Amino acid sequence: AGRWLAEEAKAAAPAKGGKLTIGTQGQAGLGPVDPHRPTGDFGVKLANQFNVFEALTKQSNEGGVEMCLAEAVTPDDDTATVWTIKLKKGVLFHDGKEMKAEDVIYSLKRIREPGTMTGGHIGPVKSFDKVDDYTVRLVLEAPRSWFPIGLSDPYSSILPEGYDPKTPIGTGPFKFGEVVQSQSVTLDRFDKYHGTPALLDSVTLRPFEDDSALLNALQSGQIDIINEVDAALIGEVEGNDSFKVYNSPTGKFYPIQMRTDVAPFNDVRLRQALRLVIDRDTVLNSVNNGHATLASDLYGRYDPDFATSLKRERDVAKAKALVEEAGLTGTELELVMLKDVATALVLAENAKEIGINITVKQIDGASFYNEEYMERHFFGGDQWPSGPIFLISSLADGPNAGLDQVRWRDAEYLELWKQASNTLDAAARREIMLKLQEILFERGAWIVPVYVNELALCRTDIAGLPSFDQSGAGIFRALADLGFAS
């Protein structure tokens with residue numbers, strides 16, 4: 001991968017114009033578009049990666065935060081509860097209306113409504129105050145030292161006041177064009193974009209049933225890129241000069257989750273035993289063909305405060321002793337998976353060595369995301385994005401977690417979480433963050449064996465691809481910079 005990226009850098013810059021078609025596996029039906037409520041629809045995912053919709057801030061590749069629609073987000077005092085947002089002037093929505101304070105207040109209130117993805121990133125708000133057309137002040141119910149990061153999730157986009165999901169409008173470099181139900185979604189360049197306009201005239205997303213259909217479409221010229229390609233497909237085009245591989249390390253992962261308020265996962269010894277017994281090298285090399293990085297059950301790989309020193313070594317003897325001590329030898333478990341079944345099968349095979357019998361059951365998206373989604377005891381294959389520690393934590397394991405699937409309540413952890421949210425000083429907060437991760441490492445409820453690379457197959461004349469994008473949505477996030485080699 002490094003070789004062609006170096007050559008790519010020397011190649012001609014992408015030209016302006018052209019229509020790009022991306023093939024993906026999954027649903028792209030595109031009914032009413034609500035960027036604050038993800039539906040698993042790839043059309044919405046494409047739009048939400050700063051293409052049609054944009055947030056006030058965004059996450060950088062270095063793990064920090066950059067401004068996007070905001071010019072600055074600053075605390076008014078050292079309580080970390082009062083924050084002033086200065087807006088970029090001259091930002092136009094796709095209907096030509098300028099973004100103002102009212103739109104930001106409307107959007108942030110909407111993000112706080114029940115059932116949205118990212119309300120927990122902001123937390124309860126006492127007041128939303130319009131200072132002037134380009135300044136908003138928020139008074140939070142509780143301190144949030146990481147508030148600028150909390151605004152950076154792609155699902156926290158700013159919408160025009162009175163947004164109608166039937167006519168989706170944002171501020172991004174592309175606007176919605178033609179939608180052919182269940183067949184294709186087209187985004188067109190927005191020429192009055194507040195940043196550098198996109199190069200491509202349009203981008204079309206087309207869903208396909210499976211990998212072989214995607215590969216046929218690429219080889220026959222129906223599509224230009226296969227997004228999120230399976231590692232096994234990479235070998236199919238090796239040696240073919242018409243195509244190249246996009247391969248970037250990321251921080252995205254597929255956790256296997258254990259619900260801690262029910263037996264037997266309420267016993268930390270079983271949780272730790274399963275984390276000790278899984279053979280991460282097999283998951284890395286056999287399941288992901290080496291296109292991944294070993295993980296040790298923690299998230300937030302690119303967060304500046306990530307605990308790189310915490311490393312999980314496989315220890316079958318210790319795992320077996322923990323299971324015996326807990327009196328759980330011979331326990332039968334059913335593990336329900338959406339994707340990444342091969343990893344679950346590795347765990348099931350490994351667990352036999354410590355007297356635990358795991359049956360793996362794969363189900364489709366409709367069954368996985370049904371009313372049982374928040375109720376299952378042992379499940380996985382749901383992709384989590386790369387993101388800062390606090391964003392993932394506020395969804396998964398922090399106070400009032402937005403996706404409280406594992407029901408993990410650790411008093412020491414929650415107390416430290418509050419302390420960190422109170423601490424504006426970065427060095428002092430880092431110390432607390434490292435302690436938080438130690439607790440997750442010892443007592444948490446997730447098995448995260450690897451961080452998977454983002455893989456895509458592209459025509460060789462696609463130019464402007466990022467050499468690295470930690471988000472795991474690099475192809476989608478780079479759309480405004482992509483083009484065909486001139």
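Trainee: In which loop does serine 152 lie?

Mentor: This is a predicted model, in which local features need pLDDT of at least 70, side-chain atom pairs count only at pLDDT 80 or more, and totals for chains, interfaces and linings use all residues. Residues are numbered from 1 along each chain as its sequence is written, and side-chain values use heavy atoms, with hydrogens and water left out. Helices (H or I, at least four residues) and strands (E, at least two) are DSSP runs, numbered from the N terminus. On that basis, serine 152 lies in the loop between α5 (147-150) and β8 (174-180).

Trainee: Is serine 152 buried or exposed?

Mentor: The classes rest on relative accessible area: buried is under 20%, exposed is over 50%, and partly exposed is in between (1.4 Å probe, protein chains only). For serine 152 the relative accessible area is 1%, and the residue is therefore buried.

Trainee: How far is the backbone oxygen of isoleucine 149 from a polar atom of the side chain of serine 152?

Mentor: A contact means heavy atoms within 4.5 Å. Not counting residues up to four places away in sequence, serine 152 touches Phe50, Thr57, Lys58, Gln59, Val65 and Leu391. The separation from the backbone oxygen of isoleucine 149 to a polar atom of the serine 152 side chain is 2.6 Å.

Trainee: Which residues does serine 60 touch, not counting those up to four places away in sequence?

Mentor: Serine 60 is located in the loop between β2 (57-59) and β3 (65-67). Its relative accessible area is 6%, so serine 60 is buried. With that exclusion, the residues touched by serine 60 are Val65, Glu66 and Gln470.

Trainee: Why are the buried residues of α6 on the same side of α6?

Mentor: In helix α6 (residues 211-219), the buried residues are Leu214, Leu215, Ala217 and Leu218. They lie on the same side of α6 because they cover an arc (that of the directions from the helix axis to the C-beta atoms) of only 160° around the axis.

Trainee: Which strands do the buried residues of α6 pack against?

Mentor: Just after α6, glycine 221 takes a positive phi of about 85°. The buried residues of the helix itself pack against β1 (19-25), β10 (202-208), β11 (225-226), β12 (243-248) and β20 (454-459).

Trainee: Which are the edge strands of the open sheet of five strands?

Mentor: Two strands pair if DSSP finds at least two bridges between them. The sheet has mixed pairing and the order β16-β15-β17-β13-β18. Within it, two bridges join the parallel strands β15 (residues 332-337) and β17 (residues 378-380). The strands that pair on one side only, and thus form the edges, are β16 (357-362) and β18 (446-447).

Trainee: Which residues have the most contacts inside the largest nonpolar core?

Mentor: A nonpolar core is a set of buried Ala, Val, Leu, Ile, Met, Phe, Trp, Tyr and Cys residues joined through side-chain atoms within 4.5 Å. The largest has 38 residues, and α12 (389-396), α13 (411-422) and α14 (426-443) each supply at least two of its residues. Those with the most contacts inside this core are Phe253, Tyr299, Trp384, Tyr413 and Trp446.

Trainee: What is the phi of aspartate 297?

Mentor: Aspartate 297 is found in the loop between β14 (292-294) and α9 (316-325). At 3% relative accessibility, aspartate 297 counts as buried. Its phi is positive, in a residue other than glycine, and is near 75°.

Definitions and conventions:
A polar contact is a pair of N or O atoms within 3.5 Å; within protein, one must be able to donate a hydrogen and the other to accept it, and residues adjacent in sequence count only if both atoms are side-chain atoms.
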